[in-house]
Amino acid sequence: MTSNPQKHRRLNLMPVIGVFIIIGFLAYLSWPKYHIPDNHREVAAKNDALGLVNAIKAFHTEYGHYPAEYTAEDTELQSTAHLMRILLAEEPDDTKKLNRRDIHYFSADKAKEGRGGITPEDDFHDPWGSPYQVIIDTNFDSQITNPETGEPMRSEVEAYSPGPDQNPNTWEDNIKTW
């Protein structure tokens, strides 16, 4: 009996090819798990900011005023406990309640490890741990000043996240609702 050396080499090469195929398939399956984090934070921040804008607009529709103090200029505020307690219908009973009917305009998960969500102090933070910035047309001219450009834009309420760098004045990474 003589053995064919080429046939013997092919048999030894097949397990190696099989191992490469399996490694490639496992790498393909694990790629999204390691590639998505920044993108999903941006999507979550955009959705949260839009939810905040919609909650403020719904409050205005119900009561005829915004949950903010009125000034001659547009009001800029953050998603701190004062605003969030109004929108979450959790205002203390010993204060003059703005949300008299205790309507829940907004809901969010509790923040984990100082990240996005409602903090123990009732502030509402973006996925990077910063409060959202909110601009409200409290002078009722149907426009607000775009904080990025300084130009007026036709809107009554807008919000934005300071983004990964947590600085609301750097616009390259801020997540905006406009």
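Analyst: Helices (DSSP runs of H or I, at least four residues) and strands (DSSP runs of E, at least two) are numbered from the N terminus. This is a predicted model, in which local features need pLDDT of at least 70 and side-chain atom pairs count only at pLDDT 80 or more, whereas totals for chains, interfaces and linings use all residues. Residues are numbered from 1 along each chain as its sequence is written, and side-chain values use heavy atoms, with hydrogens and water left out.

User: How many helices and strands does the protein have?

Analyst: There are 3 helices and 8 strands in the protein. Read from the N terminus, the elements follow the order α-α-β-α-β-β-β-β-β-β-β.

User: Which parts of the chain does the pair of Lys 176 and Glu 148 link?

Analyst: Lys 176 forms a salt bridge with Glu 148, with 3.0 Å between the closest N and O atoms. The pair links distant parts of the chain, 28 residues apart, with Lys 176 in strand E8 (residues 175–176) and Glu 148 in the loop between strand E5 (144–145) and strand E6 (152–153). Glu 148 is partly exposed, its relative accessible area being 34%.

User: Which residues do salt bridges that share partners join into one network?

Analyst: Asp 93, Lys 97 and Asp 102 are joined in this way. Asp 102 is partly exposed, with a relative accessible area of 35%.

User: Which residues make the nonpolar surface patch?

Analyst: Patches are built from residues with over 30% relative accessible area and no salt bridge; like charges are joined within 9 Å, and nonpolar side chains (Val, Leu, Ile, Met, Phe, Trp, Tyr) within 5 Å. Here Leu 13, Met 14, Val 16, Ile 17, Phe 20 and Ile 21 make a nonpolar patch of about 620 Å², with areas from the Shrake-Rupley method with a 1.4 Å probe, only the protein chains shown counting as cover for residues. Phe 20 belongs to helix H1 (residues 5–35). At 60% relative accessible area, Phe 20 is exposed.

User: How is a pocket found, and how much space lies in the largest pocket?

Analyst: Rolling a probe the size of a water molecule over the atoms shows where empty space is left. On a 1 Å grid over the protein atoms alone, a pocket is an open set of points where a 1.4 Å probe fits, with protein on both sides within 12 Å along at least five of seven lines, and lining residues have an atom within 4 Å of a point. Points are joined across faces, edges and corners, and the volume is the space filled by probe spheres set on them. The largest pocket holds about 300 Å³. It is lined by 16 residues, of which Asp 48, Asp 109, Gly 116, Gly 117 and Pro 127 are the closest to its centre. H2 and strand E3 (124–125) are the elements that give two or more residues to the lining, and H2 gives the most, with 3 residues.

User: How do the residues of the lining divide into nonpolar, polar and charged?

Analyst: Ala, Val, Leu, Ile, Met, Phe, Trp, Tyr, Cys and Pro count as nonpolar, Asp, Glu, Lys and Arg as charged, and the others, Gly among them, as polar. The lining of the largest pocket has 5 nonpolar, 4 polar and 7 charged residues. Asp 109 is placed in the loop between H3 and E2 and is exposed, with a relative accessible area of 64%.

User: What is the phi of Asp 122?

Analyst: Phi of Asp 122 is near 75 degrees, a positive value in a residue other than glycine. Asp 122 sits in the loop between E2 and E3 and is buried, at 14% relative accessible area. Gln 166, also not a glycine, has a positive phi of about 60 degrees. Gln 166 lies in the loop between strand E7 (157–161) and E8, and with 40% relative accessibility it counts as partly exposed.

Key
Buried means under 20% relative accessible area, exposed over 50%, partly exposed in between (1.4 Å probe, protein chains only). A salt bridge is a side-chain nitrogen of Lys or Arg within 4 Å of a carboxyl oxygen of Asp or Glu.
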